[in-house]
Amino acid sequence: MAAAARLASRARPLSRPNPGVGCLLVKDTIVVGRGWTQPGGRPHAEAAAIAQAGVAARGATAYVTLEPCAHQSPRGPACSKVLSEAGIARVVVGAKDPDPRTAGAGITHLRSAGVTVEMLASTAATDSLSGYLTRTALARPHVTLKLAISLDGCIALANGESQWITGEAARAHVHSQRARADAILVGGGSWRSDAPRLDVRLSGLEHCIPERWVLTSKAADGARNIAAPADIAQMDGVQYLYVEGGAQTAASFLAADLVDRIELYRAPIIIGGGKPAIADLGLTDLAAAHGRWQHTERRQLGSDSFDAYRRTR
């Protein structure tokens with residue numbers, strides 16, 4: 001299932017508005033088919049994997065990150081029907097689909113067709129679907145807050161100079177994360193002072209162009225704007241929002257409890273007296289700060305370190 005979830009990451013964000021789903025077909029311990037949701041949402045992962053496997057799909061086990069859909073669409077058949085008609089013997093599902101058009105009906109169809117169905121509680125699967133699941137459950141995008149800081153928690157010198165805190169490898173990693181987002185947001189101050197491009201500058205990924213948003217009450221030339229963090233609910237079709245700063249913007253999203261993931265890049269430098277990464281949150285009880293974040297990932301990027309944290313809810 002973890003391998004299927006890695007396949008699903010290839011769909012993000014081009015499968016929008018459909019969720020990015022991954023599917024692996026395994027027969028006699030051999031992977032015979034791989035698929036992920038294609039750009040624009042079709043074909044679905046299951047159909048792509050079956051097309052690759054051909055006749056080898058008969059009798060295979062399908063590992064699917066999301067419950068196969070149960071509804072017929074003008075753009076294609078229901079995946080639960082595609083799987084059963086291909087002769088799939090067993091389907092292992094990583095997450096149930098909250099879409100009321102499926103919501104258990106996909107599993108019911110498969111079982112009624114004689115297919116064995118197993119649910120596997122998979123963090124890898126749900127993580128790969130975080131944007132879709134957050135949008136469905138909370139009617140807003142999944143929010144990642146990116147911070148690039150010195151060892152003493154600064155994002156710039158006292159005079160505002162911030163290029164560059166981190167090194168080339170870390171900056172390239174940021175661009176790869178931008179490529180996975182539907183939209184990028186910065187604060188009005190950062191927009192006006194830095195004029196950020198908010199694009200993807202990696203070879204082969206230049207076509208991944210996230211929407212540009214600014215947190216400001218004023219119109220932003222070249223970007224769309226929202227006046228408050230809660231307004232992210234108005235971002236139609238956006239499943240993954242990447243928030244890049246600055247300190248006031250980071251604080252406002254954290255204070256509103258709208259951050260689902262923190263991605264922290266830390267450079268081995270000390271600034272001293274610089275600008276802090278996060279402005280005052282108004283916290284008055286230290287105990288309230290504990291138990292909110294779970295460490296999920298760590299890697300070294302040149303001389304810089306990268307850590308990711310998931311909001312526990």
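Me: Why is the contact between D199 and R197 called a salt bridge?
Reply: The closest N and O atoms of D199 and R197 are 3.2 Å apart. A salt bridge requires a side-chain nitrogen of Lys or Arg within 4 Å of a carboxyl oxygen of Asp or Glu, so the D199 and R197 pair qualifies at 3.2 Å. The model is a predicted one, in which local features need pLDDT of at least 70 and side-chain atom pairs count only at pLDDT 80 or more, whereas totals for chains, interfaces and linings use all residues. Residues are numbered from 1 along each chain as its sequence is written, and side-chain values use heavy atoms, with hydrogens and water left out.

Me: What makes E118 and R90 a salt bridge, and where do the two residues lie?
Reply: Their side chains meet with an N to O distance of 2.9 Å. The pair joins distant parts of the chain, with E118 in strand β5 (residues 116-119) and R90 in strand β4 (residues 90-93), 28 residues apart. Strands here are DSSP runs of E with at least two residues, and helices are runs of H or I with at least four, numbered from the N terminus. E118 is partly exposed at 34%, and R90 is partly exposed at 25%. In total, the structure holds 20 salt bridges.

Me: Which classes of accessibility do D260 and R313 fall into, and why?
Reply: D260 has a relative accessibility of 8% and therefore counts as buried. R313 has a relative accessible area of 55%, so R313 is exposed. The two form a salt bridge with closest N and O atoms 3.2 Å apart. This pair links distant parts of the chain: D260 is in the loop between α9 (247-255) and β12 (261-266), and R313 is in the segment after β15 (304-311), 53 residues apart. Both belong to a network of salt bridges that also links R140, D257, R292 and R311.

Me: Why do H44 and C69 count as buried?
Reply: H44 has 13% relative accessibility and is therefore buried, and C69, at 7%, is buried as well. H44 is in the loop between β2 (30-36) and α2 (45-53). C69 is in the loop between β3 (61-64) and α3 (79-85).

Me: What makes the contact of E244 with R178 a polar contact?
Reply: The side chains of E244 and R178 are joined at 2.7 Å. A polar contact is a pair of N or O atoms within 3.5 Å; within protein, one must be able to donate a hydrogen and the other to accept it, and residues adjacent in sequence count only if both atoms are side-chain atoms. The 2.7 Å value therefore falls within the limit. E244 is in strand β11 (residues 240-245) and counts as buried at 15%.

Me: Which residues does the UniProt record list together with E244?
Reply: In an unreviewed entry, UniProt places the feature "binding site" at S162, R178, L198, R201 and E244. The lining of the largest pocket takes in S162, R178, L198, R201 and E244 from this set. S162 is in the loop between β7 (154-156) and α7 (168-178) and, at 29%, counts as partly exposed.

Note on methods. Buried means under 20% relative accessible area, exposed over 50%, partly exposed in between (1.4 Å probe, protein chains only). UniProt positions are given in the numbering used here, feature names are shortened, and annotations may be inferred rather than shown by experiment. On a 1 Å grid over the protein atoms alone, a cavity is a set of points where a 1.4 Å probe fits but cannot get out, and a pocket is an open set with protein on both sides within 12 Å along at least five of seven lines; lining residues have an atom within 4 Å of a point.
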